[in-house]
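Welcome, and thanks for taking a look. Please keep the sequence and the model side by side as you read.

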Amino acid sequence: MDKREQMIRLWFSMWLEKKDLGMDDVFAENVSYTESWGPCYSNRETVKHWFQEWNMRGSVIAWDIKQFFHKENQTVVEWYFKNVMENGDIEEFDGISLIEWSAENKIQSLREFGCNLHNYDPYQKSDTPQFREEKIHWF
């Protein structure tokens, strides 16, 4: 479990430092990586390309791990994420990653799920829900 957690922490650190610190050690060659808002990368070379290209357009300024859950060849990690893009846009949200490990203990599959930070009770003032009129980010 500790080795798996170290690999996940390394992956998050790569984003914070904007450096490939060992993707070949973290990801299986035929990894499937799905972001919370839809894009899917189907192998390690594509993940590397996405990482390099994305980091030319933005910076991850926080990717904080809250907790891990492990079961057999799977790990779930709960986290908080924040980035700033070159154009000044800032995104932040809570999320989880569902990770499946290969027999070689590398990430075989990673799927991210996001949760809006700006939560509210739509029934706070009425039995009829009052929803906010706001753009839904990244979904």
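This is a predicted model: local features need pLDDT of at least 70, side-chain atom pairs count only at pLDDT 80 or more; totals for chains, interfaces and linings use all residues.

This report covers the nonpolar core, the aromatic pairs, one arginine and the cysteines.

Residues are numbered from 1 along each chain as its sequence is written, and side-chain values use heavy atoms, with hydrogens and water left out.

Let us begin with the core. A nonpolar core here is a set of buried Ala, Val, Leu, Ile, Met, Phe, Trp, Tyr and Cys residues joined through side-chain atoms within 4.5 Å. Buried means under 20% relative accessible area, exposed over 50%, and partly exposed in between, using a 1.4 Å probe and protein chains only. The largest such core has 28 residues, and those with the most contacts inside it are Trp11, Phe27, Tyr33, Val47 and Trp63. At least two residues each come from α1 (2–17), α2 (23–26), β1 (27–34), α3 (44–57), β3, β4, β5 (90–101) and β6. The largest share, 6 residues, is supplied by α1. These helices (H or I, at least four residues) and strands (E, at least two) are DSSP runs, numbered from the N terminus. In soluble globular proteins, nonpolar side chains tend to be buried together.

Next come the rings. Rings of Phe, Tyr and Trp (its six-membered ring) pair if their centres lie within 6.5 Å; planes under 30 degrees apart count as stacked, over 60 as edge-to-face and the rest as tilted. The whole structure holds 18 aromatic pairs. In one of them, Trp63 and Trp79 are edge-to-face, because their planes stand at 85° with ring centres 5.6 Å apart. Trp63 sits in strand β3 (residues 58–71) and Trp79 in strand β4 (residues 74–85), so this pair ties together parts 16 residues apart in sequence. Ring pairs also join Trp11, Trp15, Phe27, Tyr33, Tyr41, Trp50, Phe51 and Trp54 into a cluster.

Arg132 lies in the segment after β6 (107–115). Beyond its neighbours within four places in sequence, Arg132 is in contact (heavy atoms within 4.5 Å) with His118, Asn119 and Tyr120. Its side chain reaches the backbone oxygen of His118 at 2.8 Å.

Finally, a disulfide is a pair of cysteine sulfur atoms within 2.5 Å, and the count by this rule is 0. The table gathers some accessibilities.

| Residue | Relative accessibility | Class |
|---|---|---|
| Trp63 | 6% | Trp63: buried |
| Trp79 | 1% | Trp79: buried |
| Arg132 | 36% | Arg132: partly exposed |
| Cys40 | 45% | Cys40: partly exposed |
| Cys115 | 39% | Cys115: partly exposed |

Notes. A polar contact is a pair of N or O atoms within 3.5 Å; within protein, one must be able to donate a hydrogen and the other to accept it, and residues adjacent in sequence count only if both atoms are side-chain atoms.
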